[in-house]
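This briefing goes through one structure by topic. Please have the sequence and the 3D view open while reading.

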Amino acid sequence: MSNPRIYTALAIAALFFFSAAFADDVVVLTQDNFDKEVGQDRGALVEFYAPWCGHCKKLAPEYEKLAASFKKAKSVLIGKVDCDEHKSLCSKYGVSGYPTIQWFPKGSLEPKKYEGARTAEAISEYVNKEAGTNVKIAAVPSSVVVLTPENFDEIVLNEKKDVLVEFYAPWCGHCKHLAPIYEKVAAAFKLDEDVVIANCDADKHKDIAEKYGVSGYPTLKFFPKGNKAGEEYEGGRDLDDFVNFINEKCGTSRDAKGQLTSKAGIVEHLSNLAKEFVSAIDSEKKEIFSKLEEEVEKLSGPSARYGKIYLKVAKSCMDKGTDYAKNENQRLERMLSKSISPTKADEFTLKKNILSAFA
């Protein structure tokens with residue numbers, strides 16, 4: 001049987017690939033910057049789109065994949081224009097339907113319309129031909145755990161995991177629309193080992209779908225640690241809707257980009273003791289530190305880990321003086337502004353959040 005630890009290991013190993021694939025590598029073009037970016041010293045492929053356009057939404061994940069692959073090709077820009085917001089710009093280039101994809105050769109504002117297939121591979125072949133490049137579309141590993149009859153029970157019914165499952169059919173239009181959003185949900189929570197974002201091809205695995213009462217696609221069910229019978233997910237289908245749901249149900253604190261929020265790591269009664277610790281005179285600090293130790297001893301799960309950080313900060317405040325919290329906070333801010341791994345960013349953000357209780 002499949003080992004869920006393997007999925008975690010693969011997710012962490014592929015961390016930087018995920019980050020690159022879902023970063024916004026498509027250059028946002030506007031009335032103000034279009035002529036500065038396009039028609040200059042590199043060729044530009046530009047998608048003219050409308051936010052409400054279904055075909056544009058379908059193209060979006062392919063176009064993002066294209067942009068991620070061409071990110072290091074300095075002779076090519078992959079951009080997009082919101083025609084709802086910049087109507088005059090789209091009108092200037094004869095855009096009458098969405099999405100319209102046009103190629104602007106290096107040094108030219110006279111575009112050629114792209115008429116080919118709308119897959120990353122097909123578009124990249126066209127761009128390579130026009131720009132004289134040889135870029136290959138990078139294969140992007142998925143953060144979504146694929147469920148089958150062989151691993152379903154091991155993953156979904158694991159009492160130590162909170163699992164969100166999408167039951168889908170490959171031919172379902174709504175499922176195709178949800179796919180890039182669902183992938184971003186999985187990417188946002190890939191560092192939370194207790195949270196699994198999974199999907200199951202209900203058309204292929206009809207027995208599983210029938211067992212869980214799936215009659216339409218996509219059907220989303222949440223299997224929390226305390227209820228492995230499953231609960232219907234009835235929330236919205238936007239990225240923020242899913243992120244808010246997971247945070248509320250699983251006790252996580254992520255934003256849509258997968259970064260920890262300012263609430264991450266905060267244990268309220270420990271923060272209250274931290275404030276008491278800071279305002280106390282030196283002779284009282286040891287007594288409050290002992291109270292803090294007692295409270296941390298009672299904690300379990302992730303809170304126990306956060307409690308240790310509270311203790312470490314309190315001890316450093318006693319050893320290094322009242323300016324420790326402020327100075328350390330500034331140091332962490334500098335570190336977070338640099339290019340660091342997501343794991344390190346989590347570590348620094350947790351400590352920074354807890355330091356705020358001692359400020």
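What does the accessible surface of the protein chain come to, and what percentage of it belongs to carbon and sulfur atoms? The model is predicted, and its accessible surface comes to about 19400 Å², with 50% belonging to carbon and sulfur atoms.

**Overall chain**
- The protein chain contains 15 helices and ten strands.
- Its C-alpha trace spans about 75 × 55 × 35 Å along the principal axes.
- Of the 359 residues in the protein chain, 45% are buried.
- Taking contacts between residues at least 6 apart in sequence, 70% join residues at least 24 apart.

**Five-stranded sheet**
- An open sheet with mixed pairing is formed by five strands, ordered β6-β8-β7-β9-β10.
- The edges are β6 (145-147) and β10 (231-232); each has a single partner strand, so one side of each lacks a neighbour in the sheet.
- Two bridges join β9 (residues 219-223) to β10 in the antiparallel sense, and F222 stands opposite E231 in β10.
- Helix α8 (residues 173-188) packs on the sheet and touches β7 (162-168), β8 (195-201) and β9. The direction of α8 makes about 160 degrees with that of β7.

**Helix α14**
- Y324, A325, E328 and L332 are the buried residues of α14.
- Viewed down the helix axis, these buried residues fall within an arc of 85 degrees, so they line one face of α14.
- Their cover includes α13 (302-320) and α15 (342-355).

Technical notes:
Residues are numbered from 1 along each chain as its sequence is written. This is a predicted model: local features need pLDDT of at least 70, side-chain atom pairs count only at pLDDT 80 or more; totals for chains, interfaces and linings use all residues. Side-chain values use heavy atoms; hydrogens and water are left out. Two strands pair if DSSP finds at least two bridges between them. Helices (H or I, at least four residues) and strands (E, at least two) are DSSP runs, numbered from the N terminus. Contact means heavy atoms within 4.5 Å. Axes are lines fitted to C-alpha atoms, for helices over the stretch in contact, and angles run from 0 to 180 degrees between N-to-C directions. Buried means under 20% relative accessible area, exposed over 50%, partly exposed in between (1.4 Å probe, protein chains only). The arc is that of the directions from the helix axis to the C-beta atoms. Accessible areas come from the Shrake-Rupley method with a 1.4 Å probe; for residues, only the protein chains shown count as cover.
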